[in-house]
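Here is a briefing on one protein chain. Please look over the sequence and the model before reading the points.

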Amino acid sequence: AFYMLPSGLLVLAGAILLSLGNTVAALILLAGGIAVREAVVPVHGWFPDLVERAPLGLVVAFTAPQLGVYAHLRWISEPLPTEVGEVIALLGAVTAIFAALMGSVQSKARRALGYLMMSQTALVAFGLETHSQVARTGTLVAWMVSGVAVAGFAMTFAALEARRGEI
């Protein structure tokens, strides 16, 4: 609630401002709300804790669709100036590398899974900010594939954990 409520309010305010024609403020609010939902590095603290503490079925239902990616596609990608898109791409790349490094040094498997999920989402966010149609298409395919793959991996992990205990 500490992260999702502000995220939802930012997206709601951004959508309202976008419908009223205030594009710049709307895009800033939307980008902030989506960054929280996608667990981008400055506001990522909630995600590893969610994966570590919540039932994995709930985690998969909450994260596999990657709603932040859809919102990014729907509202943000096209009207952004190039400089802002480059900042979003940079945050996506930093998040992907940070999450991959953090995932590789975790002693708890659930936290490692959380960082793996974060890394995959960040790679998709990074790819959305390209101006090449081929790269954008590849990013959309990666979005679908990573959602299915991470969901399958997490559910397999949940089955192993149910059988053997904490891994």
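Where is Ala 39 found? Ala 39 sits in the loop between helix 2 (23–37) and helix 3. The model is predicted.

**Backbone at Ala 39**
- Ala 39 has a phi near 60 degrees. That is a positive value in a residue other than glycine.
- The relative accessible area of Ala 39 is 2%, so Ala 39 is buried. The cut-off for buried is under 20%.

**Salt bridges: overview**
- The whole structure holds four salt bridges.

**Salt bridges at Glu 52**
- Lys 108 pairs with Glu 52 in a salt bridge. Their closest N and O atoms are 3.2 Å apart.
- Lys 108 lies in the loop between helix 6 (82–104) and helix 7, while Glu 52 lies in helix 3, so this pair ties together parts that are 56 residues apart in sequence.
- Lys 108 is partly exposed, because its relative accessible area is 38%.
- Arg 111 also forms a salt bridge with Glu 52, at 2.8 Å from N to O.
- This second pair links distant parts of the chain. Arg 111 is in helix 7 and Glu 52 is in helix 3, 59 residues apart.
- Arg 111 has 18% relative accessibility, so Arg 111 counts as buried.

- Glu 161 and Arg 110 form a salt bridge. The closest N and O atoms of this pair are 2.7 Å apart.
- Glu 161 lies in helix 8 and Arg 110 in helix 7, so the pair ties together parts that are 51 residues apart in sequence.
- Are Glu 161 and Arg 110 buried or exposed? Both Glu 161 and Arg 110 are buried.

**Salt-bridge network**

- A probe the size of a water molecule, rolled over the atoms, shows where empty space is left.
- The count is one cavity of 30 Å³ or more.
- The largest cavity holds about 150 Å³ of space.
- The largest cavity is lined by 16 residues. Closest to its centre are Phe 47, Thr 63, Gln 66, Met 117 and Thr 121.
- Which helices each supply at least two residues of the lining? They are helix 3 (46–53), helix 5 (67–76), helix 7 (109–128) and helix 8 (133–164).
- Helix 7 gives the most to this lining, with four residues.
- By class, the lining of the largest cavity has eight nonpolar, six polar and two charged residues.

**Nonpolar surface patch**
- Leu 5, Leu 9, Leu 12, Ile 16 and Leu 20 make a nonpolar surface patch. Its area is about 530 Å².
- Leu 12, one of the patch residues, is found in helix 1 (residues 4–20).
- Leu 12 counts as partly exposed, because its relative accessibility is 49%. The exposed class starts over 50%.

**Two C-alpha separations**
- Thr 137 has its place in helix 8. At 41% relative accessibility, Thr 137 counts as partly exposed.
- The C-alpha atoms of Thr 137 and Gly 127 are separated by 9.3 Å. These two residues are ten residues apart along the chain.
- Ala 64 lies in the loop between helix 4 (56–63) and helix 5. The relative accessible area of Ala 64 is 22%, so Ala 64 is partly exposed.
- How many residues apart along the chain are Ala 64 and Gly 138? They are 74 residues apart, and their C-alpha atoms are separated by 18 Å.

Technical notes: Residues are numbered from 1 along each chain as its sequence is written. This is a predicted model: local features need pLDDT of at least 70, side-chain atom pairs count only at pLDDT 80 or more; totals for chains, interfaces and linings use all residues. Side-chain values use heavy atoms; hydrogens and water are left out. Patches are made of residues with over 30% relative accessible area and no salt bridge: like charges are joined within 9 Å, nonpolar side chains (Val, Leu, Ile, Met, Phe, Trp, Tyr) within 5 Å. Accessible areas come from the Shrake-Rupley method with a 1.4 Å probe; for residues, only the protein chains shown count as cover. A salt bridge is a side-chain nitrogen of Lys or Arg within 4 Å of a carboxyl oxygen of Asp or Glu. Buried means under 20% relative accessible area, exposed over 50%, partly exposed in between (1.4 Å probe, protein chains only). On a 1 Å grid over the protein atoms alone, a cavity is a set of points where a 1.4 Å probe fits but cannot get out, and a pocket is an open set with protein on both sides within 12 Å along at least five of seven lines; lining residues have an atom within 4 Å of a point. Grid points are joined across faces, edges and corners, and a volume is the space filled by probe spheres set on the points. Ala, Val, Leu, Ile, Met, Phe, Trp, Tyr, Cys and Pro count as nonpolar, Asp, Glu, Lys and Arg as charged, and the others, Gly among them, as polar.
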